[in-house]
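Subject: Structure for you to look at

Hello,

Here is the structure for your files. Please open it alongside this message.

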Amino acid sequence: GGVNIPDSPFTLHIIPFLEMRGKPVNIISGLNNPWGVVISKNEEIVVAENGAHCITILNKEGKKVKSFGTEGTKEGQFSKPRGVAISHDGHILVTDEHRLQKLTFEGVCVKSVGSSK
């Protein structure tokens with residue numbers, strides 16, 4: 001099973017989202033050019049919204065829990081975020097332009113390396 005994300009090549013494998021014939025039952029919409037996607041150990045879906053310059057967290061049903069970040073080059077801001085991962089210690093890792101940020105699930109920047117200029 002899976003959830004299709006429009007305007008993105010991703011299908012998230014979270015059930016139950018498909019009917020018997022394999023047709024999507026639940027489609028996540030309202031995301032602005034989603035790029036990177038990762039699922040946390042708590043089954044939260046973390047999405048890098050490239051077009052909105054933010055990180056959005058969805059529950060396992062695909063409903064928005066929260067978003068954080070704005071466009072910019074300061075810590076906690078993003079310039080077209082692309083990659084997203086979860087670190088071994090449970091932080092969100094986000095890449096944008098030429099920078100990597102380590103953030104809490106509340107959006108607080110713990111560490112930033114590189115520059116998005």
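Below are the findings, from the whole chain down to single residues.

Please bear in mind that this is a predicted model, and that the values here are computed from it.

The chain has 117 residues, and 41% of them are buried. Its secondary structure consists of 10 strands and 0 helices, so the order along the sequence is simply β-β-β-β-β-β-β-β-β-β. Of the contacts with a separation of 6 or more, 31% are between residues 24 or more positions apart. The accessible surface is about 6700 Å², with carbon and sulfur atoms contributing 52% of that area.

Two places were looked at in detail.

Is S40 buried or exposed? Its relative accessibility is 8%, and buried means under 20%, so S40 counts as buried. Beyond its neighbours within four places in sequence, S40 is in contact with I86 and F105.

Strand β9 covers residues 99-103 and strand β10 covers residues 109-114; the two pair in the antiparallel sense, over 5 bridges. Across this pairing, Q101 stands opposite S112 in β10. There are 5 residues between the strands of the hairpin, and G107 has a positive phi near 95°.

Regards

Definitions and conventions: Residues numbered from 1 in each chain as written. Predicted model: local features only at pLDDT ≥ 70, side-chain atom pairs only at ≥ 80, totals over all residues. Heavy atoms only, no water. Buried < 20%, exposed > 50% of the residue type's maximum accessible area, 1.4 Å probe, protein only. Contact = heavy atoms within 4.5 Å. Pairing = 2+ DSSP bridges. Helix = DSSP H or I, 4+ residues; strand = E, 2+ residues; numbered from the N terminus. Areas by Shrake-Rupley, 256 points an atom, 1.4 Å probe, with all protein chains shown as cover.
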